[in-house]
Amino acid sequence: MPSSTTTAPARFLLLGDSHAGPIGRAARAAGLPFEGGPLGAGREFTDDFFEPRDADVVFRAPEAEQHYRGFLSGLQVAELGAVAVPVVSTLGLSVHFVATADNWQLYRDPNGLRPGFLPGFLSSALFADIVRASVRAALAFYGHALGLGLRVLAVLPPQRVPSHADPLVFMAAQDVVRDALTGLGVEMVDLRARTTDEQGFQRPELCEPDDAIHGNLAFGRLILAELLERGL
């Protein structure tokens, strides 16, 4: 569901993949007015998913574009540059796609002497370059929004790694993406210190049951509380 049911002015514009769902549900439950919601599944925002258009963007996927135009209409504006509230986004942050294990076999120890990657690989400039190239479209999206003078906050996803992804790559790639976005001027909403166990994974009480990757309403409430602390 895209937006708050209240008639008060929206406090923020939510643009995201499915990880935006718990944020929206938490805001609705709290009666906090906002506009927006998920534009599509996370995999749709790993390639060139948008085109910049002066003070706006156009999403290549017709459904995402339709949702986006509806969100702007709810704010009574016609383009992204006219949005007067902060933008909260999860787009491009589903790094489990980047961390698909099969894609990283080349960089494992070729001699089989150790089960993991070659020493220093996950902290190397090469690894960071590969990750940034993998999410270049998302970085361009955030850069464009910032260039329009918007306040942009990006929310790290739940720390849940599906079976197809390598946990070490997931965590290292996530840090690369976070640092790249921070370098652009994006405000990162990073709740890992409050939501994970000793191994760095999402605590069960904050996970959507019978689901491999998503957080639940309780997780959304923690994100919402952080947004409110930041003045949204």
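**Helix packing**

Analyst: Pro22, Ile23, Arg25, Ala26, Ala27 and Ala29 in α1 meet Leu217, Gly220, Arg221, Ile223, Leu224 and Leu227 in α7; contact means heavy atoms within 4.5 Å. Helices (H or I, at least four residues) and strands (E, at least two) are DSSP runs, numbered from the N terminus. This is a predicted model, in which local features need pLDDT of at least 70, side-chain atom pairs count only at pLDDT 80 or more, and totals for chains, interfaces and linings use all residues. Residues are numbered from 1 along each chain as its sequence is written, and side-chain values use heavy atoms, with hydrogens and water left out.

User: How many residues of the contact of α1 with α7 are nonpolar, polar and charged?

Analyst: The contact of α1 with α7 has nine nonpolar, one polar and two charged residues. Here Ala, Val, Leu, Ile, Met, Phe, Trp, Tyr, Cys and Pro count as nonpolar, Asp, Glu, Lys and Arg as charged, and the others, Gly among them, as polar.

User: At what angle do α1 and α7 pack?

Analyst: Helix α1 (residues 21-29) and helix α7 (residues 217-229) pack at about 75 degrees, and their axes are 7 Å apart. Axes are lines fitted to C-alpha atoms, for helices over the stretch in contact, and angles run from 0 to 180 degrees between N-to-C directions. The two helices α1 and α7 are therefore roughly perpendicular (65 to 115 degrees; under 35 is roughly parallel, over 145 roughly antiparallel, the rest oblique).

User: New topic: how many aromatic pairs are there?

Analyst: A search of the whole structure finds 15 aromatic pairs. Rings of Phe, Tyr and Trp (its six-membered ring) pair if their centres lie within 6.5 Å; planes under 30 degrees apart count as stacked, over 60 as edge-to-face and the rest as tilted. Phe59 and Phe141 form a tilted pair, with 6.0 Å between centres and 45 degrees between the planes. Phe59 lies in strand β4 (residues 56-59) and Phe141 in helix α4 (residues 136-147), 82 residues apart.

User: Are Phe59 and Phe141 buried or exposed?

Analyst: Both Phe59 and Phe141 are buried (under 20% relative accessible area; exposed is over 50%, partly exposed in between, with a 1.4 Å probe and protein chains only).

User: Which residues form the aromatic cluster?

Analyst: Phe45, Phe49, Phe50, Phe59, Tyr68, Phe141 and Tyr142 form one aromatic cluster.

User: And where is Thr195?

Analyst: Thr195 belongs to helix α6 (residues 192-195). Thr195 counts as buried because its relative accessibility is 2%.
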